[in-house]
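Q: Please take a close look at one part of this model, the place where two chains meet. What is found there?

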Amino acid sequence: MATPNLDRCRQILEVSPEATREEITSAYHHLKRIHGAEPGLAIAASMEEFSLEARQQVMAEIEEAYALLKAIPTEAYVPEPEPVAPEPEPDPLEEVPGDGSSLRRARTKAGLTLDQVAQETCVRREYLKALEDEEFQDLTRLAPVNIRGYLTAFANTVGVPADAIVPVVMERFATWLRLTK
Amino acid sequence: MQIWAVGGGKGGTGKSLIANGLGMGLAERGHSVILVDADYGGPNQHTYCGLRQPATSLTDFFERKVPLHALVLDTPVPGLRLIPGNINTPNTDSITWAQKQKLFRHLRQLKADHVVLDLGAGSQYDTLDTFLLADYQIGVIMPERLSIENFYLFLKNLKFRQLGNMLSGVGLKEQAKALWKDRKEHGISSAKDFIQHLQDLSPAFATRWADEQGRLFLHMVINQVREYRQVEVGLAVKSSVQKYFQIETAFAGYIRHDKDLWQNFGQDHPALGQERSVAVHLAMEGILTAILATQPVEGP
């Protein structure tokens, strides 16, 4: 038998010439789902093109192509990266930069009192304090959209980039909600 | 100049929408584009473009022999012009085969970077021939059995038309006809078998046929997707087109069902304008980008 034409095999499996072993395997399973089982929606059962023989022939080609590609030594593929050990899960409420306390630090640094910020932002003092202290239970009466708005105003007033801090605090608020439910 | 043809068998799958979206997208990229509404059975492009009463249409080309270039109308979209379909023809059957052929001969003389053809439903010879001559060939389906079945029939017709045109060229037509008539005796049950048989019969045919395959590259678009499972149906159709019809196919993308789209028609603005239908507009952007990333098919 002539050297198996691997390009043709890749064509049958509808993958690129650079496809990794994993991509080839997943393409094979994808095609098997389409062409292997009972005629699905994509097959027009009434057409002679999709006769049982034709479908069997298509599936046989797929099987053969996959068998040939699978037999290529692993070195022939681009080496796959070493698996990296997953990082230990951090405590979700552990202090990280960007939380409410950094709002207090920024406020103190800017020489502003909570009352001044309240006046500037038109947000009630106790809400601002709750945000700083991350006393989330004092915020549960508010809709998340309001909390987000207060946070943005707070951050802008004390000169902290809102883009950076708002998602972090909101995420922590969501985690707190989940844990206290 | 490049010709784009949008076809695909069943009516109502969204060929006009895709043709319009492609024309608009190309115009937005700064190209000069002419949309030609060659959907004789259901011309709609003028309504897509927001032209309520177009002054001229293909009816003038067919009935009054007005040259094609004189029928090009401006649309509200800069860079996008339109030749409206035969909206004033009372009997579409009266448009002869020769007239349709003449129309397509004249297309190449239009002055534009891109001509986008809305071909309409069905598998008539003129539709198939135009599709085969286009530089970008776009097929539109909906993720449901009726549309998929008709799409396959369209492709089958396309393949046989391509074969027929070519067999005349190599002087094999009569022989092939006889072979097809007695196909059972020769163990031929599909187009694939038939072509294989002809290839074995004539090396000249085999060479020409291989060349001719470069003239067909299908870009598939799925319209009116309601859930992701239906995109998977589309991908399965794409694979089937390649495996059972031996047609090179790429999946260009999908458009989600838009329940509010109907409200955009009948006014003096383009229905797919960015501010009207952001979702369709964005999806069309992706589809156009995918198609432009491929090579146009080789010239005949």
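A: Here is a walk through the interface of chain A and chain B. This is a predicted model: local features need pLDDT of at least 70, side-chain atom pairs count only at pLDDT 80 or more, and totals for chains, interfaces and linings use all residues. Residues are numbered from 1 along each chain as its sequence is written, chains are lettered from A and ligands numbered from 1 in the order in which they are written, and side-chain values use heavy atoms, with hydrogens and water left out.

Start with the contacts. 22 residues of chain A are in contact with 24 residues of chain B; contact means heavy atoms within 4.5 Å. The two chains bury about 1,900 Å² between them, and 57% of it is on carbon and sulfur atoms. Buried area is the accessible area (1.4 Å probe) that two parts lose on being put together, summed over both.

Next come the charges. The rule finds four salt bridges across the interface. A salt bridge is a side-chain nitrogen of Lys or Arg within 4 Å of a carboxyl oxygen of Asp or Glu. B:Lys156 and A:Glu49 meet in a salt bridge through their side chains, at 3.2 Å, N to O.

Now look at chain A. Helix 1 (6–12), helix 2 (21–35) and helix 3 (52–70) of chain A each supply at least two residues of the side that touches chain B. Helix 3 of chain A gives the most, with six residues. Helices are DSSP runs (H or I, at least four residues), numbered from the N terminus.
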